[in-house]
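Good morning, everyone. Please look at the sequence and the structure on the screen. I will go through it piece by piece.

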Amino acid sequence: MGNDLADVLVVGAGPTGLVLACDLARRGAAVRIVDRSPAPPRTSRAKGPNARSLEILDDLGVADEVLAAASDPLPMLKYRDRLPVAETDPWAHSAPSPDAPYDRGRLIAQWRLEEILRDRLAGYGVRVELGREVVGLTEAADGRHVDVTFAEGRTGRVRYVVGCDGAHSSVRKLLGIGFEGTTAEDQVMVCGDVDLAEGALDRTRWHQWFDEDGAVMLCPIPGTRTGWWFQAGPERDGRGRPLAPTADGFRRLLARHTALPGRALTQAELLSTYRVNVRMADRFRAGRVFLAGDAAHVHAVAGGLGMNTGIQDAFNLGWKLGLVLAGRAGAELLDTYEEERLPVAARTLDLTSERLRATLEAIRRPGGGLDAAITSDTTGLGVGYRWSSLARVHDETPRPDETPRPNETPRPGDCLPGSPQPGDRAPDAPCVDAATGTRTRLHRVFAGPRTTVLGFGPGSAAVLREVAAAYGDTGVRTCRVYAPYEDGTRSGPGTAVVDDEGHAAAAYGTGTFDDRDTETDTDTGTRTGTDTATGTVIVVRPDHHLGLSAPADDAGSVHAYLHRLHGAGRPRNGSPALVDAARKG
């Protein structure tokens, strides 16, 4: 890294750092990403993305490749005293829905996911700089950049730094940010990637042996013929202290708890000891330096939320940095990263600790297993930011966490009971591209580094035209969502889709427009709107969360919200081009 002023330095090339770097690179930011490791790690570690992270990977254009390399989560076969006693499929009653096509996560080795993300990043001309350790960070006196010092003595200058460098984060330590919490010294697990003799175990199951004196868990690693994730309670010395993991120790544990001989374990590598740490940084930002992922928070592995929370940190921060770097939003937008993600991290610490307690209780009984850690909360689909200053109801009353007053009739554009509120994840919905007649989805419309303004109902057309005229290609897209009875071929700005099955209206709570607001063309049978006030406008942030819901006649709220994120707008022929990669499929 030379002395040229880069936009963002990402420290740490795990999934969190790679997702952030990909998101920034596609926005045209000058991003660098460094990692202290001399070579990409081959450890499996995290078992894969959850449902919400799959949506993010889909937005980045890599979901198809991830799904091809991954496997579905497996049924869990539980044993006691070496004998099978129960089998559970935590996802047996789960299925994709119109608003959430990913109903579950996928199993994939972390190194493979990182490989896919590195390839995506390389497509933007950015490569991970390996063997680069950050040892100094100094913010300039004028507050406009950060000087970075590397272990080899070289220096660099960047506008922003993001520490994605794990639980032992050098960036966090250099900033002097506290990392308060607890370490449960008695809750210890040894882990590693192992090979078993071919045919030793059924690879369509996650095998879990829980005995009173210990445990062994073996989950097949997708994409391998004989590879397995190995997790176990450790061997202990005469004083009860856990012993360091070794291949021979793994063989002894295998022979003690399972019906397999120790020699069935033919190879063991990437061995580690895991202790339950529950810690969180007391702040996620110091000036122009941010923390994300394990650098900001660590927690129990129960529920598999570690890597996933980091990916979602990155997706929250990326678009905000992008807009500020492009000069469209003020630097105060960056304050909302900590405002939104710190409470999510705190809740995740509580959730995973609760799920760990439930799991430890479950495995005391024959038939209990890791399925006790899985709940709807672990999909990530319910994470939202209703408390955020970026969550806006059109007239600021009621607030997102309030309900309508008794006997109050909501206006069009109000958030109806049961519908998503500002701050919530924006639902997906299948629909039809009005121009081509091909099937698509709303999340496909949202994909790429832009804010999306959705218009439901005939009255939304005027607002969409105003938005398109004001912003052109400067990071805002418009999309008219037509009801089945409306003429979806009519001309207008931006994208248009037909909600042919009503899933979009149902997901967003916009309802069906009353016949009093429409008239029927006697020649074509097409119903069109006559009341220009009828309709709803919804602003969807680049990270697929609702920013604003407003009635179509409240154009002022829509413009005020967009002004906060994108400024006053720019002429179409004067805006810098966004780097929006072609998507597969």
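Is Thr359 buried or exposed? Thr359 is buried, because its relative accessible area is 7%. Buried means under 20% relative accessible area, exposed means over 50%, and partly exposed is in between, with a 1.4 Å probe and protein chains only.

Some ground rules. This is a predicted model: local features need pLDDT of at least 70, side-chain atom pairs count only at pLDDT 80 or more, and totals for chains, interfaces and linings use all residues. Residues are numbered from 1 along each chain as its sequence is written, and side-chain values use heavy atoms, with hydrogens and water left out.

Back to Thr359. It lies in helix α8. Helices are DSSP runs of H or I with at least four residues, strands are runs of E with at least two, and both are numbered from the N terminus. Leaving out residues up to four places away in sequence, Thr359 touches Gly369, Leu370, Ala372 and Ala373. Contact means heavy atoms within 4.5 Å.

Now the whole chain. The protein chain has 12 helices and 26 strands. Of its 585 residues, 55% count as buried. Take the contacts with a separation of 6 or more: residues 24 or more positions apart account for 70% of them.

Next, the sheet. What is the order of the strands in the open sheet of 8 strands? The order is β4-β3-β10-β11-β12-β9-β13-β16, and the pairing is mixed. Two strands pair if DSSP finds at least two bridges between them. The edge strands are β4 (83-88) and β16 (297-298), and each pairs on one side only. Strands β3 (residues 76-80) and β10 (residues 206-211) pair in the parallel sense, over 4 bridges. Tyr79 stands opposite Trp209 in β10.

Helices pack on this sheet too. Helix α6 (residues 247-257) touches β9, β10, β11, β12 and β13, and its direction makes about 90 degrees with that of β13. Helix α8 (residues 335-362) lies across β9, β13 and β16, at about 125 degrees to β13. Axes are lines fitted to C-alpha atoms, for helices over the stretch in contact, and angles run from 0 to 180 degrees between N-to-C directions.

Now two helix pairs. Helix α2 (residues 51-59) and helix α7 (residues 306-325) pack at about 45 degrees, with axes 9 Å apart. That makes α2 oblique to α7. Under 35 degrees counts as roughly parallel, over 145 as roughly antiparallel, 65 to 115 as roughly perpendicular, and the rest as oblique. From α2, the contact uses Arg52, Ser53, Ile56 and Asp59; from α7, it uses Asn308, Ile311, Gln312 and Phe315.

The other pair is helix α1 (residues 15-26) and helix α4 (residues 110-122). Their axes come within 9 Å and cross at roughly 20 degrees. Therefore α1 and α4 are roughly parallel to each other. Among the contact residues are Leu18 and Cys22 of α1, and Leu117 and Leu121 of α4.

Last stop: Gly131. Where is Gly131 placed? Gly131 sits in the loop between β5 (129-130) and β6 (134-139). Gly131 is partly exposed, with a relative accessible area of 42%. Setting aside neighbours within four places in sequence, Gly131 is in contact with Asp35, Arg36, Ser37 and Pro38. Gly131 and Glu152 are 21 residues apart in sequence and 9.6 Å apart in space, C-alpha to C-alpha.
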